[in-house]
Structure formats: structure tokens, C-alpha cells
Amino acid sequence: MRSSLSAGEARRIALAAQGFARPRPADPGTRQLNLVLARMGTLQIDSVNVFARSHYMPLFSRLGPYDTDALDRLLFARRPSYVEYWAHVASFIPAADWALFRFRMRDLRTRYGSKPGNWYDSHRSVVGQVRAELADRGPLRAAQIEHEAKTGARGPWWDWDVVKNALEYLWMFGEVAIAGRRGFERRYGLAEHVIPADALTADIPRADAIRELVRRAMAASGVATAADVADYWRIADRPSVLQALSDLTDAGEVQPVGVAGWTTAGRPAKAWLHRDARIPRRIDATALLTPFDPVVWFRERAERLFDFDYRIEIYTPPAKRRYGYYSLPVLVDDDIVGRIDLKADRAASTLRVQSAWWEPGRPADAAARVADELRAAARWQSLERISVSSWGDAVDDLADVLPEATRHDGRPGVDVLAGERADSVGL
């Protein structure tokens, strides 16, 4: 194992750990989907659907065009191998990992379910009736559960009614699990009706669970700081994360390492290298990344790895957006070379490049390689055409290597508002 790494080596290790050092399969199927999910450990969910729902994207980034119905069958089967929980925010995890998050379920119950006068305490009758409905009728959508409070004023939490709130609290506390979705709307069932018995009854001590999650985060990261590891599972208990890293160091599973250019408060950042981390000589990949891909979901890590300052602008007023509504980082080899705001205009069967921007230092063939990825994205989404806007310093370069593409005006206030928010039901 190495005691020091260059910045380029750290980037390649991180990308290899996430599967970008592997060639894309010619015809990805269920086996490849499972392998990617196992490598990441978790798959974040987001409801925005302007191009493709976010949980579909990391598989496309690593595998290329694949059958999203095959992923749906894995994730939304009656007895699925994967379930949803608050892992890295709302995410899919293997159903067998349910018990790893029991410490979080207890923490959330202590925070939200034990204080007199809070929402949960004030609505215990609703919670009891919701629980009873699920016991009697099996998994249900929130809209299927009747309660007289539903006809009253909406609650304060995400503007959901009291039944939806009750279900969400019970889900956070581990009493309820997500038993699939209809469209994108969740079906809720009692955990014993959804989670495998061994995962449901296992009681993993808090320190052991955090150590296992840190182990998995290190394997999925290759090289990481304590902040990176903590963010992978959103573990706020930093002393427990550091203790886990110490335990894994003693066991020889990780090793402290210095990375050139990685600093914290002006000092060299403490980092760890996983014993199985590969250090490829090069990464040969082109990919569009969702904002919720593990490669970029933690802004501090994205800045450290790629010198890439990234935030999505869906909540920024259109006139103040710098890059676009939902810009996707563009990976070429071992660097993020730009960002592209995409929209699937299904009515016109067109993939619309709403804006495109370069980062410094892109390779000479970046535009041609990104153009090929846009063609693959259009094919994946069953869109017949590509249209490139006039907004961004990369759009003319892309249009030049996409002779089949049309052009449109995509400046803020002109076109980017149309259809940019999808339904957010059931997230």
C-alpha cells in the first residue's frame, strides 16, 4: 500500500472504485445492474425528471444504454432485493442491509418520536390508525388510507397531509418499509411484510454498524477523508467514524495516506486508502453524471478530486442561473471537463441540450466524445433527435460535431422553464 498519492492517482483510484475503469458491456443486463449497485452500495433517489430520474442515471453513466425496466424489476418487485431507506438521504439499499441502519432508526425516533408536544406526539391517534390499516390491508399508498383528518388543513411538513406524515415517520423509525411504487408514488407496508426476517430481527450494535458502513464507504471511495466517508452515509457522529477508521487501520483494511493538494484549513488533509484500491494507469471513460452520483454528490470531495465547484440550480431563479436548471457534470477520462443541462422533450422526441459549459483543461477530443455520449443518451431515452441551444461556451463546439442536431434558444427565461419540474409525488 502507498503512503502518498498524486492528485491524479487519487482521481483514478476514486473513479475505479466507482466502476469507471471498466469497459461498458455490450448488452448490460440484470447481472451488470446488480454488480454496479453492489459497488456503489446505495442509489440515491430524486424526483426531478427533466431528463431521466436520478436513480436511473448512475447505471447509465457506468453501463451505457440499458433497459430501465430491468432496473425497475429489481427495485420494485413484490419481494424486492432492494428497499428504500434514509441511507445517503432517501436511497435504495440491499434489503439485507436493513439492520445496518437500525441505529439511525433509533436516533430518528429519539429526535422526532419521543418529545412531548411535537408532531408525532400530537398525532398519535393518526399514527395508530395508519399502523392498523397497514396491518389489516397490507401495503398501501398514502391516498388509499382513509382518515377524517385528511379532509382538514394540510400539515406543515412538506405540505403533506397527516396520513403521509405518519407514514414517513414510521418509515424513518423502521416500523414501515417501502413496498414498491406505482409510477413514482410510494407504497408503504409494515416492515415485517417487506423486509426479510433475518434482516428485520438482526440487532447490530451501533459501533459495529458504523464500522461496517465506513468499511463499505471506503471500498466505494478507494481513497477518502473522514468527511468523505461520513457523507457517504450521512453519519453525523464524527467520533464514531474516526474510531471506525482507526479500527479498520488496525485490521489492515485501510491505511493513512497523503494526497498531494488535499488540504483542510491550510494543512494536509488526513486521508485513508482502501487495501483493495486499484490505481489504474489511466481511465478511459466518457459519462454524464447525475448531481446525485457518489462521484460528485459531496461538494467538498468533488472540489478536492476535480477542482470542480458544483451545485445544482433548480431552486435558483432562472435569470440568476449560471449554468442551467439541472446541469450534469461531464466526465472524460479521469477529469470533469464540463457540465450540460439536458431536457427530454418527449412530445417532440428530442433531447434538448439547454446549455453546455467547459471546465479548464479539457482534451482536444472532448466535444466529439461528449457528442457520442449525447447520442447514446438520446437512444437510451428513445428520443429521435438532438437540439443544441445557444447558451454556454461549449454549445457551438458540440453543434459542430453533431451535424444532425438542430439549434434552439435556451437562454434563461426563454425556454428552460417549460416542463422543468416533474411530479414530486411520493419521494
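Select Y66 to begin: at 8% relative accessibility this residue counts as buried, where buried means under 20% relative accessible area, exposed over 50% and partly exposed in between, computed with a 1.4 Å probe on protein chains only. The model you have open is predicted, so local features need pLDDT of at least 70 and side-chain atom pairs count only at pLDDT 80 or more, while totals for chains, interfaces and linings use all residues. Residues are numbered from 1 along each chain as its sequence is written, and side-chain values use heavy atoms, with hydrogens and water left out.

The structure holds 20 aromatic pairs, in which rings of Phe, Tyr and Trp (its six-membered ring) have centres within 6.5 Å, with planes under 30 degrees apart counted as stacked, over 60 as edge-to-face and the rest as tilted. One of them joins Y66 and W380, a tilted pair at 5.6 Å centre to centre with 35° between the planes. Because Y66 lies in the loop between helix 3 (57-63) and helix 4 (68-75) and W380 in helix 15 (residues 366-380), the pair ties together parts that are 314 residues apart in sequence. Helices (H or I, at least four residues) and strands (E, at least two) are DSSP runs, numbered from the N terminus.

Next, select F76 and F92, whose ring centres are 5.7 Å apart and whose planes stand at 65°, so the pair is edge-to-face. F76 lies in the loop between helix 4 and strand 3, and F92 in strand 4, so this pair ties together parts that are 16 residues apart in sequence. F76 is partly exposed at 21% relative accessibility, whereas F92 is buried with a relative accessible area of 3%.

Strand 3 and strand 4 (residues 89-94) pair over 6 bridges.

Finally, select helix 8 (residues 162-172), where 11 of the 11 residues are buried, so the helix is largely enclosed by the rest of the structure. Just after helix 8, look for G174, which takes a positive phi of about 85°.

Key
Two strands pair if DSSP finds at least two bridges between them.
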